[in-house]
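Subject: Structure handover

Hello,

Here is the structure for your records. My notes on what was found follow below it.

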Amino acid sequence: MKHGKKYREASQRFDKQTPYPAKEALELVKTLSSAKFDETVEVVFLLGIDPKKADQLVRGTVSLPHGTGKEVRIAVFTSGDPDEAKAAGADVVGGSELVEKLQAGGELDFDVAIATPDMMAEVGKLGKVLGPRGLMPNPKAGTVTQEVAKAVGEFKAGRLEYRNDRNGNVHIPVGKVSFDAEKLVDNLTAISGEIVRSRPASSKGRFLKGMTLSSTMGPGVKVDLASVETLTGVKA
């Protein structure tokens, strides 16, 4: 990939091979941001798992103390009263008719999909539509639930779903470049602790093998894993 001039200049302002303490890395990422929009700060965890093995997959949710800084649009699939979900802040609410609309090519204008258990047989028909986008509701992620209003409120407030990719990496937004460093540290602490605690029992050797922080348009900054253990109080 060919990077632009601002990216190349930013890359020359720090040592890309040196792991930085977590807080220092976040402060550095903020200074390396050069876009005209408020970039998202993202963390990538390189995990010691075999993503081809079903018993080593890492998936769950984490609540960020200060949210992500992004407005989250939520769709709810329910056969019950839609007013409850709407009152909680859901942006799209429906039952079988919503499934049919999406099957027919309707716009996926939402970031999270929540479904009541009785709707999953219908929602399952959308596997080819929702699956590739990571939007299929799942009990492990807290997106298949009877407590729709509670789930909507939590995801609106900064709860995020995460899962490993095919290379064994997990990508999660930490917040916005405009956040002060302390808020980013708080969010990163919550995320890191959750990821380390999600270690599959069948994973052998070192679980957290690497960690990188970056902004949307900026270069990656390596994080010193010892500093993550200090932040979270959990051995990585």
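This is a predicted model. The buried residues of helix α2 are covered by, among others, α1 (5–11), β1 (40–47), α8 (181–197), β8 (208–215), β9 (221–222) and α9 (225–232).

The residues in question, within α2 (residues 22–32), are Ala22, Ala25, Leu26, Leu28, Val29 and Leu32. They lie on the same side of α2, because the arc they cover around the axis is only 160 degrees.

One of the covering elements is α8. The axes of α2 and α8 come within 10 Å, with a crossing angle of roughly 125 degrees. The crossing is right-handed. On the α2 side, the residues that meet α8 are Ala22, Lys23, Leu26, Glu27 and Lys30; their counterparts in α8 are Ala181, Glu182, Leu184, Val185 and Leu188.

As for the nonpolar cores, the largest has 39 residues. Val43, Phe45, Leu47, Ile172, Ile191, Ile195 and Leu213 have the most contacts inside it. At least two residues of this core come from each of α2, β1, β6 (159–163), β7 (169–176), α8, β8 and α9.

What does Ile172 touch, leaving aside its neighbours within four places in sequence? Its contacts are Val41, Glu42, Val43, Phe45, Leu160, Tyr162, Ile191 and Ile195.

Regards

Key:
Residues numbered from 1 in each chain as written. Predicted model: local features only at pLDDT ≥ 70, side-chain atom pairs only at ≥ 80, totals over all residues. Heavy atoms only, no water. Buried < 20%, exposed > 50% of the residue type's maximum accessible area, 1.4 Å probe, protein only. Helix = DSSP H or I, 4+ residues; strand = E, 2+ residues; numbered from the N terminus. Arc of directions from axis to C-beta. Contact = heavy atoms within 4.5 Å. Core = buried A, V, L, I, M, F, W, Y, C linked by side-chain atoms within 4.5 Å. Axes fitted to C-alpha atoms, helices over the stretch in contact; angles between N-to-C directions. Left-handed = near helix turned anticlockwise from the far one by under 90°.
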